[in-house]
Amino acid sequence: MPRSVPPPDWVIARRRAIGDRIRAARLAARYTQEHVALRIGMDRATYNRIEQGHAAALVDSLILIADAIGAPLSELVREEGGTASAGQP
């Protein structure tokens, strides 16, 4: 199977911003990565890659993470700057 093309830099930047919001919400809830990962049935390394923006999270995973840390999904994936196209070329 051929390798997939890496996402553009602006996609990676937005993925990292989502990871930053997930991390902030997790820390505000006083949970460890291990705690959240166990609650959603994900290994900690994969969860860590999502928080770091190194892995693309499925929508289902984002829903589970939001529920596990008690944060609205919309808060975790909100766009900064007003439009969904912010940061695109």
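Modeller: Let us start with contact, which means heavy atoms within 4.5 Å. This is a predicted model, in which local features need pLDDT of at least 70 and side-chain atom pairs count only at pLDDT 80 or more, while totals for chains, interfaces and linings use all residues. Residues are numbered from 1 along each chain as its sequence is written, and side-chain values use heavy atoms, with hydrogens and water left out.

Biologist: With which residues is R49 in contact, leaving aside its neighbours within four places in sequence?

Modeller: Under that condition, R49 is in contact with H54 and A55.

Biologist: How far apart are R49 and G19 in sequence and in space?

Modeller: Along the sequence, 30 residues separate R49 from G19, and in space their C-alpha atoms are 8.7 Å apart. For the protein, residues 24 or more positions apart account for 62% of the contacts with a separation of 6 or more.

Biologist: How many helices and strands does the protein have?

Modeller: Both are DSSP runs, numbered from the N terminus: helices are H or I with at least four residues, and strands are E with at least two. The protein has 5 helices and 0 strands, and the pattern along its sequence is α-α-α-α-α. R49 has its place in helix α3, and R26 lies in helix α1.

Biologist: Which of the words buried, exposed or partly exposed describes R49, and which describes R26?

Modeller: With a 1.4 Å probe and protein chains only, buried means under 20% relative accessible area, exposed means over 50%, and partly exposed lies in between. R49 is partly exposed because its relative accessible area is 36%. R26 has a relative accessible area of 7% and is therefore buried. Leaving aside neighbours within four places in sequence, the contacts of R26 are Y31, T32, Q33, V36, Y47, E51 and I69. Of the 89 residues of the protein, 28% count as buried.

Biologist: Which residues of α3 are buried?

Modeller: They are Y47, I50 and E51. To judge where such residues point, one takes the arc of the directions from the helix axis to the C-beta atoms. Here the arc is only 100°, which puts these residues on the same side of α3. The buried residues of α3 pack against α1 (9-28), α2 and α4 (59-69).

Biologist: Which residues of α4 are buried, and which exposed residues does the opposite face carry?

Modeller: S61, L62, I65, A66, A68 and I69 are buried in α4. Their arc around the axis is only 165°, so they lie on the same side of α4. The face turned away from that buried side carries the exposed residues V59, D60 and D67. The cover over the buried residues of α4 includes α1, α2, α3 and α5 (73-77).

Biologist: At what angle do helix α2 and helix α3 pack?

Modeller: Axes are lines fitted to C-alpha atoms, for helices over the stretch in contact, and angles run from 0 to 180 degrees between N-to-C directions. Angles under 35 degrees count as roughly parallel, over 145 as roughly antiparallel, 65 to 115 as roughly perpendicular and the rest as oblique. Helix α2 (residues 33-40) and helix α3 (residues 44-52) have axes 9 Å apart and pack at about 110°. That angle makes α2 roughly perpendicular to α3.

Biologist: Which residues meet between α2 and α3?

Modeller: Q33, E34, V36, A37 and I40 in α2 meet R44, Y47, N48 and E51 in α3. By class, this contact has 4 nonpolar, 2 polar and 3 charged residues. Nonpolar here covers Ala, Val, Leu, Ile, Met, Phe, Trp, Tyr, Cys and Pro; charged covers Asp, Glu, Lys and Arg; the others, Gly among them, are polar.

Biologist: At what angle do the axes of α2 and α4 cross?

Modeller: These axes come within 9 Å and cross at roughly 120°. That makes α2 oblique to α4. V36, R39 and I40 in α2 meet L64, I65, A68 and I69 in α4. This contact divides into 6 nonpolar, no polar and 1 charged residue.
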